[in-house]
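Biologist: Can you walk me through this model? Keep it brisk, please.

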Amino acid sequence: MENQQSGIGPKGLIKRNEFVRVIIQCLYSLGYGKSASCLESESGIPYKSSEFELLESHALNGNWDGCIDTLTAIMDLTGETRTSALYLVFKQCLLEF
């Protein structure tokens with residue numbers, strides 16, 4: 001099996017695991033749950049990363065400190081993406097207060 005972090009395409013610019021996740025997401029959104037589940041199983045790539053599931057759980061439970069800790073711990077985020085996500089967390093936290 002290929003490395004899940006390896007690049008695909010002519011220039012190797014697309015991460016294999018992210019590409020497969022997009023396909024899985026599309027299959028679920030189109031109502032092809034069995035096919036999406038099969039692709040998850042065959043590829044070994046879950047629909048949601050463990051980091052995303054943790055972040056989602058913190059957000060749904062209103063655990064804003066947990067959201068911030070999770071976002072700062074994710075290594076694959078660019079500075080701009082991390083800043084935007086932290087902004088949204090702080091905004092939601094303030095709205096709830």
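Modeller: One term to begin with: buried means under 20% relative accessible area, exposed over 50%, and partly exposed in between (1.4 Å probe, protein chains only). This is a predicted model, where local features need pLDDT of at least 70, side-chain atom pairs count only at pLDDT 80 or more, and totals for chains, interfaces and linings use all residues. Residues are numbered from 1 along each chain as its sequence is written, and side-chain values use heavy atoms, with hydrogens and water left out.

Biologist: Glutamate 56, then: buried, partly exposed or exposed?

Modeller: Glutamate 56 has 26% relative accessibility, so it counts as partly exposed.

Biologist: What does glutamate 56 form a salt bridge with?

Modeller: Its partner is lysine 48, and the closest N and O atoms are 3.1 Å apart. A salt bridge here is a side-chain nitrogen of Lys or Arg within 4 Å of a carboxyl oxygen of Asp or Glu. Lysine 48 is partly exposed, with a relative accessible area of 26%.

Biologist: How many salt bridges in the whole structure?

Modeller: Two. Glutamate 18 and arginine 21 also meet in a salt bridge, at 3.2 Å, N to O. Both lie in helix H1 (residues 16–29), three residues apart, about one turn of the helix. Helices are DSSP runs (H or I, at least four residues), as are strands (E, at least two), numbered from the N terminus.

Biologist: New topic. How do H1 and H2 pack?

Modeller: H2 covers residues 33–43, and its axis lies 7 Å from that of H1, at an angle of about 160°. Axes are lines fitted to C-alpha atoms, for helices over the stretch in contact, and angles run from 0 to 180 degrees between N-to-C directions. The two helices are therefore roughly antiparallel. Angles under 35 degrees count as roughly parallel, over 145 as roughly antiparallel, 65 to 115 as roughly perpendicular and the rest as oblique.

Biologist: Which residues make the contact?

Modeller: From H1, they include Val20, Ile23 and Leu27; from H2, Ala36, Leu39 and Ser43 are among them. Contact means heavy atoms within 4.5 Å.

Biologist: Where is cysteine 38?

Modeller: Cysteine 38 sits in helix H2. This residue is partly exposed, with a relative accessible area of 39%. Cysteine 38 and isoleucine 24 are 14 residues apart in sequence and 9.3 Å apart in space, C-alpha to C-alpha.
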